[in-house]
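Please read them with the structure open beside you.

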Amino acid sequence: MSNAAPAREVSVSPRAAPPRKAGLISGVQEAGLIGVVLVLGTFLSIYGYYDAPYGRPNTFLNTDNLIDGIATPMSYYAIMAMGVTLVIISGGIDISVGSIMALAGLVTAWTLQQFARDASAVVLMPLSIALPLAVGLVCGLINGALVVGLRMHPFIVTLGTLSIFRGIANVLPFGAKTLPFAGRPLPDASVTHWFRADLLGMQLWPLIATLIVIALGYVYLRLSVAGRETYAVGGNEEAARFSGIDVHRVKLRVYAVSGLLAGLAGLVSLGRFGTISTNSAMGYELTVVAAAVVGGASLAGGRGAALGALLGTLILAMIENAINILRLNQEYKNIIVGLSIIVAVALDRLGAVLRARRRAGVRTA
């Protein structure tokens with residue numbers, strides 16, 4: 001009879017903190033992104049003039065440009081990039097966020113049009129927030145259910161729903177392709193007194209909403225069990241399943257959050273412009289995915305961070321602002337976005353190869 005101690009089962013606990021090495025890699029990436037922001041900011045601080053005459057005020061450093069030219073336009077991109085980052089960390093992809101954003105905004109605008117212009121904010125404020133979030137959540141749950149239920153590649157699923165959600169926005173009887181249509185303005189309490197409201201003399205609410213989303217994303221990813229489960233599923237789905245994690249629930253959850261945040265982005269856009277159309281957010285998904293990838297989210301899954309999503313969006317927003325300030329052809333934006341995705345993925349793959357070689361060298365030593 002053997003007295004040997006029984007073998008102890010080794011499992012990956014979803015409650016364990018993310019590996020220190022992964023946190024170090026994320027920190028290095030974020031430091032690099034901050035460096036890029038500083039370099040871009042320095043360049044534009046020197047050359048950010050119209051016609052570049054000496055003694056003319058710097059256009060880039062103008063407060064209106066920093067708020068209205070960078071921070072506010074990047075707000076809905078950053079909000080969606082946070083949701084897409086969660087999906088990418090889990091090993092998936094969501095390219096339907098632009099269509100969800102447009103659909104959520106249209107449903108909200110059409111509903112608010114039914115109220116009088118001087119309708120009470122007590123009713124309109126909760127409604128204007130709940131409606132786009134509900135639309136976004138439903139769309140996100142549909143994406144997640146299709147990915148989990150059909151076991152199809154997320155790119156194929158969300159490519160299909162990108163077209164479906166945009167089609168729904170076009171065929172719903174809103175009365176016009178652009179809302180609000182003539183003679184039916186949105187109530188003041190839902191727009192002018194919300195995301196267009198002045199704070200310290202500036203329209204800061206979109207930026208505040210973005211920072212809240214990023215802060216919640218950080219807490220979700222780094223300080224919650226759900227966040228650790230997301231990293232585990234994206235890092236090794238089979239290992240996560242054997243460790244007791246409900247992989248299907250995790251995937252459904254991240255797509256639901258991505259849809260929810262796309263709905264919030266629709267609200268921010270509607271609040272900023274006071275109007276929305278069936279063509280709104282067309283092509284935004286490419287910029288959002290680029291922001292997430294530039295921010296350090298690995299398309300192979302298992303890596304990404306909330307701060308990275310914000311910094312990636314900020315870099316793309318600064319590049320777009322530079323194109324406007326320097327009066328360059330707007331088509332350069334598409335070229336830069338495409339190159340950003342290719343370069344970020346190439347660097348990610350190079351890093352993976354180097355890490356694999358380093359581990360192989362350690363094993364053979």
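1. A residue is called exposed when its relative accessible area is over 50% and buried when that area is under 20%. Arg-151, in the loop between α4 (121-150) and α5, has a relative accessibility of 63% and therefore counts as exposed; its phi is near 55°, a positive value in a residue other than glycine.

2. Ala-281, which sits in the loop between β2 (276-277) and α10, also is not a glycine and has a positive phi of about 65°. With a relative accessibility of 4%, however, Ala-281 counts as buried.

3. The peptide bond joining Leu-179 and Pro-180 is cis, with omega about 0°, and Pro-180 belongs to the loop between β1 (178-179) and α6 (205-223).

4. This is a predicted model, and its confidence deserves attention: the mean pLDDT of the chain is 85, with 85% of the residues scoring at least 70. Where pLDDT is low, the predicted coordinates should not be read in detail.

5. The second largest pocket, with a volume of about 650 Å³, is lined by 27 residues, and those nearest its centre are Leu-33, Val-293, Val-294, Ala-344 and Leu-347. Two or more lining residues come from each of α1 (20-47), α10 (284-294), α11 (306-325) and α12 (331-364), with α12 giving the most, 11 residues. By type, the lining comprises 18 nonpolar, 6 polar and 3 charged residues.

Terms used: Residues are numbered from 1 along each chain as its sequence is written. This is a predicted model: local features need pLDDT of at least 70, side-chain atom pairs count only at pLDDT 80 or more; totals for chains, interfaces and linings use all residues. Side-chain values use heavy atoms; hydrogens and water are left out. On a 1 Å grid over the protein atoms alone, a cavity is a set of points where a 1.4 Å probe fits but cannot get out, and a pocket is an open set with protein on both sides within 12 Å along at least five of seven lines; lining residues have an atom within 4 Å of a point. Grid points are joined across faces, edges and corners, and a volume is the space filled by probe spheres set on the points. Helices (H or I, at least four residues) and strands (E, at least two) are DSSP runs, numbered from the N terminus. Ala, Val, Leu, Ile, Met, Phe, Trp, Tyr, Cys and Pro count as nonpolar, Asp, Glu, Lys and Arg as charged, and the others, Gly among them, as polar. pLDDT is the predictor's confidence in each residue, from 0 to 100. Buried means under 20% relative accessible area, exposed over 50%, partly exposed in between (1.4 Å probe, protein chains only).
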